[in-house]
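Hi,

Here is the structure I promised to pass on.

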Amino acid sequence: MFDNLSSRLEGIITKVRGKGRLTESDVDEMMQEIRTALLEADVNLTVVRSICNRIREHAIGATRSTALDPGQQVVKAVNDELTRALGGETLVITYASKPPTVVLMAGLQGSGKTTNSAKLAAWFKAQGRNPMMIGADLQRPAAVEQLRTLGRQINVPVFSDPEDPIVTAAKGLEEAKRLGRDVVIVDTAGRLSIDTEMMEQVRLISGAVNPDYTFLVIDAMTGQDAVQTAEAFHNTLQIDGVIMSKMDGDARGGAALSVKEVIGRPIAFASTGEKLDEFEQFHPDRMASRILGMGDMLTLIEQAEKAFTEDQAQAAATKLMEGQFTLDDFLEQMQALKKMGSLGGLMSMMPGMPKELKNAKIDDDDLKPVEAIITSMTAEERTFPTIIQGTRRARIAAGSGTTVADVNRLVKQFGEMQKMMKKMGMAGRPGKGKKGKKGKGGQKMPKGLPLDFDPAGAGFDIPGLPGMPGIPNFPR
Amino acid sequence: MGSEFLFLILAVFVVVFGVGVVLLNRRKSVGQPAPGRPVSTQARPLVSQPESDSHVAAPQLDSVVEEEPTVEEDLPAGTFRERLAKARSTFAGAIAGVLGRSAITDESFDDLEEALLRADVGVAIAGELLSGLRVKVANKEITEPSDLLDALEAEMTARLVGADRSLNFEHFEPGHPNVWMFVGVNGVGKTTTIGKLAKQHVDRGRSVLLAAGDTFRAAAAEQLTAWAERSGVDVVRGAEGADPSSVIFDGIEKAAAKKIELVLADTAGRLHTKSNLMDELAKVRRVAEKGAGTVTETLLVIDATTGQNGLTQAREFGQVTNVTGVVLTKLDGSAKGGIVFSIETELGIPVKLVGIGETIGDLIDFDPEEFVSALFER
């Protein structure tokens with residue numbers, strides 16, 4: 001998601017970047033395009049206006065400026081505005097001093113409250129907490145059953161009482177205290193923001209459990225209405241944060257931008273897939289640079305740290321640089337990589353990726369034939385792929401359910417990649433090469449990074465990455 | 001050398017290589033029908049046991065489920081405007097603005113553009129609608145502010161009228177059911193729509209069977225079963241994680257055996273960007289015609305709150321399943337559902353039904369004139 005918005009903005013920005021002088025008509029034209037790009041991304045009209053006005057002021061300033069490259073100033077203005085609109089800080093959960101910490105989930109029908117209740121519970125569990133869920137959606141048939149099933153999958157208890165949602169919430173809270181659970185998540189029925197009766201009900205539920213956090217679940221595909229809905233819920237419930245659901249689609253995420261701007265509450269979490277662990281904290285500053293196509297190295301590093309152990313990585317990287325990287329190593333790393341998330345998601349976080357690659361829809365299942373081919377090889381073949389000729393090729397193809405041409409292509413590609421990596425290992429040992437551009441302002445260092453590591457610069461330090469010169473016949 | 005750097009190089013290498021291979025393979029396979037790719041359909045990591053795992057469940061209610069919502073009898077269809085009128089603010093401001101001026105000015109057009117954009121009509125369609133009007137104003141064909149509003153209303157209605165919006169029901173010989181399939185992204189209201197529609201058709205004297213093809217979402221089949229109970233129809237369901245194609249196929253076979261006329265087939269919500277799930281859906285659509293039935297409607301369910309992404313949804317689902325109509329749900333909220341203008345204009349898929357509330361009678365035929373005039377209520 002956000003990809004479409006980023007590519008449109010990139011296009012606009014490329015036009016002005018490097019212009020020696022900006023005229024007012026340049027600015028007018030650019031503002032028109034930025035406006036359209038934001039509207040097509042479902043950013044709320046009111047928000048579009050205020051963002052555009054502020055960018056315009058900067059841009060007009062740039063036309064009068066004698067400084068070098070006024071285009072660059074405009075780029076900075078756009079970046080600053082987006083970061084501001086998305087909100088600066090990541091929401092940090094403060095647990096109640098007297099447990100349990102109570103979380104109330106609210107939203108329209110079908111926004112994903114039940115699924116996200118379970119995802120949030122799983123997230124709390126991963127933080128070392130003992131969550132419990134309360135099913136207070138007695139409206140939709142089988143909603144409680146759905147919550148119970150999800151609860152079983154993540155091993156989190158679910159409380160519900162068919163009597164009445166308010167009673168359920170109150171009783172559930174007592175039950176949680178009795179069981180000594182330290183986090184309670186209350187799932188409520190979906191309701192329209194204009195349904196006064198149902199809004200009153202959720203207010204009463206909120207009164208009964210007195211939540212520490214009230215999260216509004218919003219579908220990333222929502223259009224202009226997102227803001228009205230968020231305002232209405234905020235007026236009734238005092239929203240503390242937003243959970244954006246279905247962020248793995250291709251909606252342009254304007255709803256996310258708008259809601260933050262209008263109710264002044266951050267996007268706390270984002271749901272990025274159908275699996276219960278595809279759910280993460282939302283980092284606004286990182287998202288802004290992702291929108292502008294600057295990549296999101298911090299998230300990438302964090303995910304990599306989770307997926308690879310240091311020793312493994314060290315060994316594999318050494319092999320890689322020396323051209324000793326075998327298909328076996330590749331398979332192993334690929335499997336570790338899967339833990340980091342979907343390939344498409346990873347691609348979108350990498351800086352300097354060519355647009356063709358970024359926009360390609362990559363399904364993780366597309367890698368299955370690759371895995372199948374490699375697993376159909378003997379140990380010897382995996383170590384020395386050059387020995388794969390005629391009959392071996394046919395055997396591998398038959399074994400993996402692919403064609404001889406597929407096998408050929410994989411082997412050839414691998415060989416070329418290996419060569420490229422070897423070159424890179426000799427030419428551009430990190431630490432020796434030029435040390436990236438320092439200090440993209442505002443980026444925070446993740447814990448545990450060595451002092452000289454510059455995340456913003458790291459992307460530029462990988463030789464051969466931008467534009468992929470080393471890969472022959474790369475598909476457009 | 002920082003270890004983070006190693007992670008990155010590894011990640012980059014593996015990703016770039018993996019993606020490269022995938023793209024090459026894909027380029028090679030262009031021209032072949034997508035579903036033929038050997039990769040697809042089994043992304044959801046659950047065991048699939050066609051045939052044996054689906055069974056006819058006696059409709060059974062959970063005590064939780066029984067309570068609500070209270071089912072009202074069918075409401076007269078004329079309530080469309082009243083229901084939409086609950087949340088009118090989008091156009092009201094613009095209308096007041098336009099009528100408040102003694103002549104048509106640039107501000108009048110700004111007001112109208114704002115109203116259209118806020119209704120999710122989209123930049124392109126709003127631009128087209130207004131540029132037509134600007135020409136007429138320039139030529140003095142329109143001079144009065146109130147005429148400008150009427151002209152816009154007429155223009156918008158004209159974009160929607162003319163399509164055949166009836167649900168296609170063929171009178172096949174007994175044992176040959178009509179199959180209506182429901183597709184869409186997650187959370188738009190597919191299951192609820194089927195529940196309401198089942199009751200309406202039973203009341204109309206048709207025999208109906210529900211096929212619980214959403215085998216992915218937890219308790220989706222229970223939800224459908226609860227609806228089946230309300231209208232007293234059979235439901236065929238499989239185990240959670242079963243192959244949806246085989247569940248729906250079984251449903252159709254069962255309907256044929258019992259000489260049931262109409263099968264309403266539910267499918268799991270899926271984002272149109274997940275090609276493996278879209279391939280799965282294509283398979284469901286193909287398999288549904290392998291047995292005794294014919295798919296006479298494939299309805300895309302879209303939530304009225306959906307923004308510009310709705311057009312992409314319609315295009316992608318349309319390509320995979322040959323969508324024959326749209327069901328626009330949740331139109332009783334504050335959202336206006338303006339995305340249907342793009343869907344109808346650009347893709348030619350007619351809106352057939354709209355959902356305007358929670359009760360069974362709140363799923364009604366789409367009436368373009370009422371839809372547009374409700375926006376313009378003065």
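This is a predicted model: local features need pLDDT of at least 70, side-chain atom pairs count only at pLDDT 80 or more; totals for chains, interfaces and linings use all residues.

In chain A, strand β1 (residues 101–107) runs parallel to strand β4 (residues 183–188), and the two pair over five bridges. Strands here pair if DSSP finds at least two bridges between them; helices (H or I, at least four residues) and strands (E, at least two) are DSSP runs, numbered from the N terminus. Within that pairing, A:Val103 sits opposite A:Ile185 of β4(A).

Helix α9 of chain A (residues 225–237) packs on the sheet and touches both β1 and β5 (213–219) of chain A. Its direction makes about 165 degrees with that of β5(A). For that angle, axes are lines fitted to C-alpha atoms, for helices over the stretch in contact, and angles run from 0 to 180 degrees between N-to-C directions. Contact means that the C-beta atoms of two residues, placed from the backbone, lie within 7 Å.

Zooming out, the sheet in chain A is open and has eight strands, in the order β3-β2-β4-β1-β5-β6-β7-β8, with mixed pairing. The edges are β3 (158–159) and β8 (279–281) of chain A; each has a single partner strand, so one side of each is left without a neighbour in the sheet.

Residues are numbered from 1 along each chain as its sequence is written, while chains are lettered from A and ligands numbered from 1 in the order in which they are written. Chain A has a mean pLDDT (the predictor's confidence in each residue, from 0 to 100) of 77, and 71% of its residues reach 70 or more. Over residues 428–476 of chain A, pLDDT stays under 50, and the model has 63 contacts beyond four places in sequence for them.

On to chain B, which has 14 helices and nine strands. Its domain assignment (bounds from an automatic or database assignment) gives domain 1 (86–160) and domain 2 (166–375). Their C-alpha centres lie 34 Å apart, and 15 residues of domain 1 of chain B are in contact with 18 of domain 2 of chain B. On the domain 1 side, the elements giving two or more residues are α4 (90–100) and α7 (145–160) of chain B, and α7(B) supplies the largest share, five residues.

Cheers
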